[in-house]
Amino acid sequence: MDNERIDQIIDKHQGEASSLIQVLLEIQSENHWLPREALERVSQKLQVPFTRIQHIATFYKAFNLVPKGRHEIHICVGTACHVRGANRILETVEDLTGIKPGETDVEMKFSLETVNCLGCCALGPVIEINGKTHGKVSVSKTAGVLKSYE
Amino acid sequence: MIRLNTPEELKKFRQEILSKRDPNKPCITLCSGSACNASGSEEVGAGIEEEIKKQGLSDEVEIRKTGCHGFCERGPIIVNHPGETTYLQIKPEDVPEIVSEAVNGKKVIDRLLYTDPETDKKIVSESEIPFYKNQKRLVFGSNGSIDPKSIDDYVAIGGYSAISKVLAGMTPEEVLEEVKKSELRGRGGGGFLTGRKWEGSRDAPEKIKYVIVNADEGDPGAYMDRALLEGNPHSVLEGLIIGAYAIGSHEGYIYVRQEYPLAVENINLAIRQAEQYGLLGKNILGSGFDFAVKVHQGAGAFVCGESTALMTALEGRVGEPRPKYVRSNIRGLWDKPSVLNNVETWANVPLIINKGADWFTQIGTEGSKGTKIFSLVGKITNTGLVEVPMGMTLRDIIYKIGGGIPGGKKFKAVQTGGPSGGCIPEEQLDLEVGFDELTGAGSMMGSGGMIVMDEATCMVDVARYFINFLTDESCGKCVPCREGLRQMNKILTNITEGKGKEGDIELLEVLSETAMEASLCALGKSAPNPFLSTLRYFRDEYEAHIREKRCPALYCKELIKYYIDPEKCRACMICFKKCPVDAIDGEKKKIHIIDQEKCTNCGTCFEVCPARFSAVKKISGGPVPSPVPEEERMITGSSN
Amino acid sequence: MKDILLQIDGKQVNAREGTTVLEAAQGAGISIPKLCHHEKLIPFGGCRLCIVEAGSGNSAKLVVSCVYPVEENLVVRTRSEKIDRIRKTILELLLAHAPNSKQLQDMAREYGADKDRFEKEASFCIHCGLCVRYCAEVKKLNAVGFIDRGINKEISFIPEIASKECHDCMECFPLCPTSWLQAAFVLTEALAFPGASSGTTSKE
């Protein structure tokens with residue numbers, strides 16, 4: 001992401017340090033991850049120590065400091081889904097993709113995250129892939145769901 | 001869009017809207033909340049619009065995409081007006097029929113109606129369905145009548161009449177008195193008296209004060225605030241404006257978790273619309289009162305639901321809570337007096353102003369007035385969002401409204417209050433729901449999550465689950481929480497894996513005391529609750545795990561083995577084919593055997609064995625029976 | 001600035017308004033164990049070792065004395081069975097990270113803390129925050145900061161700043177109760193600006 005675009009986003013929030021998190025969210029949303037250069041630029045323009053930016057970028061889980069895969073898998077591990085067996089689904093997905101939550105596979109095909117409650121408890125257990133919700137998944141059906149993504 | 005300059009003009013505008021709307025004109029309301037969207041309501045909605053166009057019926061019937069109706073188990077939901085005909089679990093194929101029925105109003109589509117499980121009769125209207133009949137949907141009910149993206153819809157049902165009443169003739173002190181009289185308690189978890197919180201800020205000498213909406217709903221399994229903010233954002237906004245007026249604040253923030261994109265979208269739209277109408281911003285309804293609101297998104301941290309951490313996040317910092325020695329309604333955001341309340345709390349305010357505190361106090365119990373929205377989820381037949389008066393028993397909520405436990409399973413416990421709460425067992429089911437009652441039982445109200453568990457839920461695993469969640473979400477600043485929960489997580493995980501030892505329970509209790517007494521914030525202080533409540537009511541499960549390496553609920557993976565009952569196996573080969581590690585030995589007509597060395601305990605065989613055989617069993621705490629000898633493995637006679 | 005009179009461990013103590021219970025106690029020669037407190041830094045309230053009991057009867061509660069402001073007629077107890085038990089547990093939790101820390105060992109002796117009560121943890125850092133706060137508040141250089149949260153929280157040097165400033169400064173090093181700070185610095189140096197050796201300040 002080029003500096004000009006970053007500057008635009010910062011100016012939109014009146015260059016205020018309190019809007020730091022909102023600025024980073026916008027950069028993350030457009031770029032899908034936060035390169036170090038982007039963080040340095042924000043630190044410079046908002047006159048905020050780099051340590052603070054770095055802490056925020058690592059403290060909040062909405063931010064990724066490494067690029068993501070083509071397909072983002074979110075597995076709901078909220079209490080309702082957990083009680084309906086989400087843990088087994090997570091293990092199955094880990095086995096099938098070879099990655100653990102927070103990781104991206106070597107071919108950059110899948111990125112895996114766990115999320116706490118998508119608000120679709122009636123459909124639990126729930127997997128969300130690229131924003132599409134797959135509800136009432138079972139261990140035996142999971143492989144089929146993943147296969148449909150190139 | 002016109003600007004409304006006085007309360008009178010708002011009244012007239014409302015009448016104008018109503019005069020242009022024919023209550024008898026057929027209207028198809030389609031639930032378009034996030035959960036129904038996930039069930040396919042977007043396609044259904046598109047289908048309806050297309051069908052209306054195709055049949056040339058745009059003047060005869062309209063479609064209104066509303067927020068969440070609450071009966072999430074049966075979504076997508078359509079309610080046809082007039083007549084309140086309710087259709088459930090709609091698919092795109094059903095659309096043409098539904099449109100025709102809406103216009104003609106003649107033959108109701110039987111197969112899409114709700115069937116009462118006790119009488120087997122079909123029920124036509126929404127309010128007769130047991131799920132809805134036993135609720136008291138004062139706050140949440142409007143969701144079904146309005147398109148959240150339309151401020152006119154909200155005005156039409158009486159929206160903004162409360163702030164109008166306030167600005168037309170109430171002083172801030174009078175507003176405060178009314179809220180105090182109502183005895184409204186915070187709906188986010190703390191249950192603090194709202195009026196008292198407001199009063200503290202009102203009395204603070206600072207000129208700059210803030211009001212904040214906490215929409216960071218982080219309790220997993222709770223999504224009431226999401227449904228309210230998505231489905232009726234103006235109700236929250238109206239409450240906020242009234243609160244700001246009462247305490248003398250001119251600047252407000254709405255902190256919404258970024259995991260709720262539809263809620264963010266709808267509240268932002270609502271703010272823009274309210275500003276255009278003169279209901280927000282400078283000189284609201286010509287009263288001279290200024291109030292502006294900004295939306296801030298969360299960035300993925302449960303701890304930011306804690307009020308001081310939320311304020312720290314609003315300041316653009318990491319969400320580390322602050323000590324509560326100086327209350328945040330005196331020194332909060334930017335060290336100024338700040339009233340932070342939950343979404344549902346704010347949504348109650350317009351009702352209290354419109355109908356009066358006396359009306360409000362008639363509902364509920366001595367210590368808990370009004371209603372509460374719960375997310376009834378987990379092992380329950382009617383999953384969804386329910387609003388009940390305080391004082392209704394857990395039994396009524398779970399059985400009368402929730403329809404009991406599915407699959408013929410037995411109720412075991414209901415977990416309330418999220419990670420800060422506890423599990424309530426069967427013997428307490430007649431507990432009347434209320435703040436103090438739930439706390440007395442070892443749990444708490446929390447934000448309203450109500451997770452039902454059955455005999456297949458392991459209570460030790462439930463404790464482990466919540467502690468694990470909190471070790472992930474802890475901000476890490478203080479030792480009792482960061483290190484204490486770290487160790488509790490290790491010990492509980494070991495217990496569920498069969499590595500528990502004598503003394504573990506006592507050590508967990510010591511760590512619990514340290515966290516409860518010495519943690520910096522409520523996250524750490526309440527973290528031991530799920531452990532302590534499950535220990536209180538289900539100690540036998542802990543002891544079974546530790547002493548016998550047995551999981552009574554047959555859940556903990558390392559403590560169970562899968563075994564095919566040779567008496568029941570009909571050698572259908574289904575599990576043989578599905579086993580991901582080829583651990584099953586078998587052929588047609590030859591009883592299958594699981595090779596325990598190869599088995600990874602994934603549970604696939606258990607899942608896929610046809611119900612009429614139910615041959616795969618789970619065993620815990622004892623050895624797997626020896627395999628049947630080879631000669632006896634052939635099935636003779638009829639099979640399958 | 002008013003003078004406040006409070007009672008600590010039965011002793012009448014005078015303190016200026018706006019000071020903390022810990023400062024008041026120190027001024028009166030009463031010792032309260034502490035780890036993350038430093039007179040040059042804003043109180044952190046992270047280690048919780050300085051907890052004391054404030055108030056009496058039903059209103060008695062445990063508060064963190066390095067942050068809690070003095071109040072007129074406040075009754076404070078710095079030791080009790082519960083306080084000692086909690087301090088012992090906190091020390092044991094920290095000793096799982098840094099069993100060889102002299103500061104922790106001294107306090108452990110006083111409270112009977114067992115360094116082997118919990119399994120050893122991989123990281124020495126006990127997150128007292130002294131290094132990060134000193135660099136931010138006193139030196140105003142922000143060469144080292146926190147990253148992440150909860151059990152994944154760590155300290156992290158910013159290579160560009162550290163390579164320029166740290167060799168000539170190193171004022172935070174003696175503040176560290178464990179040897180983690182030095183280890184972290186050496187590691188950062190090796191990874192981020194290889195080729196630099198102690199004594200030079202060349203960037204990579």
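A polar contact, for this tour, is a pair of N or O atoms within 3.5 Å; within protein, one must be able to donate a hydrogen and the other to accept it, and residues adjacent in sequence count only if both atoms are side-chain atoms. This is a predicted model, where local features need pLDDT of at least 70, side-chain atom pairs count only at pLDDT 80 or more, and totals for chains, interfaces and linings use all residues. Residues are numbered from 1 along each chain as its sequence is written, chains are lettered from A and ligands numbered from 1 in the order in which they are written, and side-chain values use heavy atoms, with hydrogens and water left out.

**Stop 1: chain A**

Select chain A. Going from the N terminus, the order is α-α-α-α-β-α-α-β-β-β-α. Along the principal axes, the C-alpha atoms of chain A fill a box of roughly 50 × 30 × 25 Å.

**Stop 2: where chain B meets chain A**

Contact here means heavy atoms within 4.5 Å, and it takes in 57 residues from chain B and 37 residues from chain A. The buried area (accessible area, 1.4 Å probe, that two parts lose on being put together, summed over both) is about 3600 Å², with 55% from carbon and sulfur atoms. Highlight B:A299, B:V318 and B:Y465: they supply 15% of the area that chain B buries against chain A, more than any other three residues.

How many residue pairs are in polar contact across the interface of chain B and chain A? The rule finds 23, both residues being at pLDDT 80 or more. Several elements of chain B each supply at least two residues to this side, including β9 (292-297), α13 (307-314) and α18 (459-473). Color α18(B) next, as its six residues make the largest share. By class, the side of chain B that touches chain A has 29 nonpolar residues (Ala, Val, Leu, Ile, Met, Phe, Trp, Tyr, Cys and Pro), twelve charged (Asp, Glu, Lys and Arg) and 16 polar (the others, Gly among them).

There are also three salt bridges across this interface (a side-chain nitrogen of Lys or Arg within 4 Å of a carboxyl oxygen of Asp or Glu). Show the side chains of B:E73 and A:K136 to see a salt bridge at 3.5 Å, N to O.

**Stop 3: where chain A meets chain C**

Pick A:K61 and C:D148, whose side chains meet in a salt bridge at 2.9 Å, N to O. Six residue pairs are in polar contact.

**Stop 4: inside chain B**

Finish within chain B. Strand β8 (residues 251-256) pairs with β9(B) in the parallel sense over six bridges (DSSP must find at least two for strands to pair). Click B:Y255 and you'll see B:H296 of β9(B) opposite.

Last, show B:R547 and B:E502, whose side chains meet in a salt bridge at 2.9 Å, N to O. B:R547 lies in helix α22 (residues 529-548) and B:E502 in the loop between α19 (479-496) and α20 (504-518), so the pair ties together parts of chain B that are 45 residues apart in sequence.

Notes:
Helix = DSSP H or I, 4+ residues; strand = E, 2+ residues; numbered from the N terminus.
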